[in-house]
Amino acid sequence: MKRRKALKKIGIGFTAGALMPGMIVSCSKDDPGPEVPYDGTVIIIGAGAAGLYAADILHSKGISVKVLEASNQLGGRIRSLRNQKEILVQTSADFPVELGAEIIYGNSSAFGKIIEKYALTKIELNTQATEQFILDSQAKSATDWGGDSDLAAVRNFVAALPTYGGGDVSMKQAAGVSPRADALLNSMAGNFYGSSSDQVGAKGVSEALGLIEHENNPFIIKTNPLQDIIASRFSQITNKVQLNAVVKSINYAGEKILITDKEGIEYEADKVIVTTSLGVLKSGGVTFSPGLPAAKVAGMNKIGMDHCVRLAIDFKKNFWGEDSGYIWGATLGPLMLNSGVDRSEFYRTLTVTVHGPKAQELSAMGDGILDAVLAELDAIYNNQASLFISKVINPDGTEGNRIWFLADWGKDEFFKGGMSYLKVGASVADREALAAPINNKIFFAGEATDVKGDAGTINGALNSAERVAEELIQTILSA
Ligand SMILES: Cc1cc2nc3c(=O)[nH]c(=O)nc-3n(C[C@H](O)[C@H](O)[C@H](O)COP(=O)(O)OP(=O)(O)OC[C@H]3O[C@@H](n4cnc5c(N)ncnc54)[C@H](O)[C@@H]3O)c2cc1C
């Protein structure tokens, strides 16, 4: 199984965690709308956040749904280490380690509202953690950097992005910071949005940020794996999901839509919602007959979805600072998070998230990826990374393999990348083109199709589900 190959197994002996029964109860959609009379079947491709939520809404309206999911689990790019039953882990982390999405943006956002409903304990990264910024191979807080003008230039540029009025150029060109701050800019304004700062368009990001209506405070959840939260929220429709069903083609030429999976099994539907990632669509992982309309393909080509890797590295000692949250500005590991901050009596796990060309470079290194990232950490933290990396303790008491995990999202055929982003020259209108339904039969959801400014996030995936459910219901009601 490709998925299993993409998750690196290096440790032993960690019990699979799950929510305590009753801690999160499933909740039914409380939308008061009437049931929609429809005797057709809707098939949804993909059981990530978008597919599950779309299924939940339609099911709550009395519409018959079936979800075909290629992998062996729910959640898509929401994937928690504890839930990977095939990975036996020996890590010091007494909190959930995330292999995909780990941060939630906004209390009143689509995902923030789910968290509020379950009253889960949050760690607010802006107030409960301190950001560290790397310049000259040193990581320091903004206060400790004093009035460093290069740091200020990057932070001011990022803070002003929602009102950016400059040209349609890359983040790198738009910011024009000194070479000393290039890696920091790449980290905060390139990698954070899904690629490198010379690929991500400043105008597109600015337009999207301007559309966001909720506050955007970043937080993590103290004890619950995000994958459990998603599975609990949508527990009413999980029996509608068929796992290990890899859709290869969708033929919508006739009255009924014919879907064929990898095994050659055919499914018939009246309407289909496609939620597979942009990476899967771009690479032709699912083919359409007739082919996709030119406008959709044009939109798709202007949106990027680059390689992405996530490393979680376990250390014996927190040498980067217990209060640290985000650590910005490394070159090989442009986004690091002290993922135990305020969640744990241990603060010894760093997650490293890399998007874009750098992720591709690291992915090609095989196991050398760990040495490369450790070498960079050693340069910043006085050789402490190599010294303090945790190792498996063998039965005879000797130290074995180093404890780390790799999720290579770019190599995984069911994702083919990390998150979508608007390239230079692209705008939210390109996401609208990607989202446009075909013949009132084939509908498109997923984070890349979000038009409310949240693309690239769980919120974007959930927003897109609400939009697509509404579009689909309208076609039924107006038929
Ligand atoms: C490393 C990483 C870190 C991230 N960090 C954050 C973060 O901190 N905060 C945040 O909000 N967002 C983050 N994101 C983005 C977030 O995870 C995604 O935007 C969101 O989960 C996407 O949901 P989706 O439903 O649109 O797509 P997906 O989760 O990709 O769901 C699509 C589903 O379709 C399935 N599928 C694919 N091909 C087929 C096929 N042929 N047939 C059937 N099924 C198929 C897939 O297996 C998958 O389950 C991160 C993403 C990554 C990769």
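How many nonpolar, polar and charged residues are there in the shell around the ligand? By class, this shell has 22 nonpolar, 17 polar and five charged residues, where Ala, Val, Leu, Ile, Met, Phe, Trp, Tyr, Cys and Pro count as nonpolar, Asp, Glu, Lys and Arg as charged, and the others, Gly among them, as polar. The structure is a predicted model, in which local features need pLDDT of at least 70 and side-chain atom pairs count only at pLDDT 80 or more, while totals for chains, interfaces and linings use all residues. Residues are numbered from 1 along each chain as its sequence is written.

Of the 44 residues around the ligand, those that come nearest are Gly46, Gly48, Gly76, Arg77 and Thr457, a residue being near a molecule or strand if its C-beta atom, placed from the backbone, lies within 6 Å of it. At least two residues of the shell are supplied by each of helix H2 (49-60), strand S15 (308-314) and helix H16 (458-477); here helices (H or I, at least four residues) and strands (E, at least two) are DSSP runs, numbered from the N terminus. The most is given by H16, with four residues.

The domain assignment of the chain gives domain 1 (2-121 + 219-303 + 421-477) and domain 2 (124-217 + 306-408), with bounds that come from an automatic or database domain assignment. Each of domain 1 and domain 2 contributes at least three residues to the shell around the ligand. The centres of the two domains, taken over C-alpha atoms, are separated by 26 Å, and 40 residues of domain 1 are in contact with 46 residues of domain 2, two residues being in contact if their C-beta atoms, placed from the backbone, lie within 7 Å. On the side of domain 1 that touches domain 2, the elements that give two or more residues are strand S7 (218-221) and strand S22 (420-422). By class, this side of domain 1 has 18 nonpolar, 14 polar and eight charged residues.

Strand S7 also takes part in an open sheet of three strands, which has the order S3-S7-S4 with antiparallel pairing; two strands pair if DSSP finds at least two bridges between them. The edge strands, each of which pairs on one side only, are strand S3 (104-105) and strand S4 (122-124). S4 and S7 run antiparallel and are joined by three bridges, and lysine 122 has isoleucine 221 in S7 as its bridge partner.

Strand S16 (residues 324-328) pairs with S17 over three bridges in the antiparallel sense, and tyrosine 326 stands opposite leucine 337 in S17. S16 and S17 form a hairpin with six residues between them, and glycine 329 in the turn has a positive phi of about 110°. S17 also pairs with S18 in the antiparallel sense, over four bridges, with asparagine 338 opposite leucine 350 in S18. In a regular strand the side chains alternate between the two faces of the sheet. Both faces of S17 are covered, since Leu335 and Leu337 on one side and Met336 and Asn338 on the other are all buried; a residue is buried if 20 or more other C-beta atoms lie within 10 Å of its own, exposed if 12 or fewer, and partly exposed in between, with C-beta atoms placed from the backbone.

Because 19 other C-beta atoms lie within 10 Å, aspartate 342 is partly exposed. When its neighbours within four places in sequence are left aside, aspartate 342 is in contact with Ile123, Gln128 and Ala129. The C-alpha atoms of aspartate 342 and lysine 222 are separated by 7.7 Å, although these residues are 120 residues apart along the chain.

In helix H11 (residues 294-302), Lys296, Gly299 and Met300 are buried. Seen down the axis of H11, the buried residues fall within an arc of 100°, so they line one face of the helix, the arc being that of the directions from the helix axis to the C-beta atoms. Ala294 and Ala298, on the other side of H11, are exposed. Helix H10 (278-282), strand S14 (303-305) and helix H15 (428-435) are among the elements that cover the buried residues of H11.
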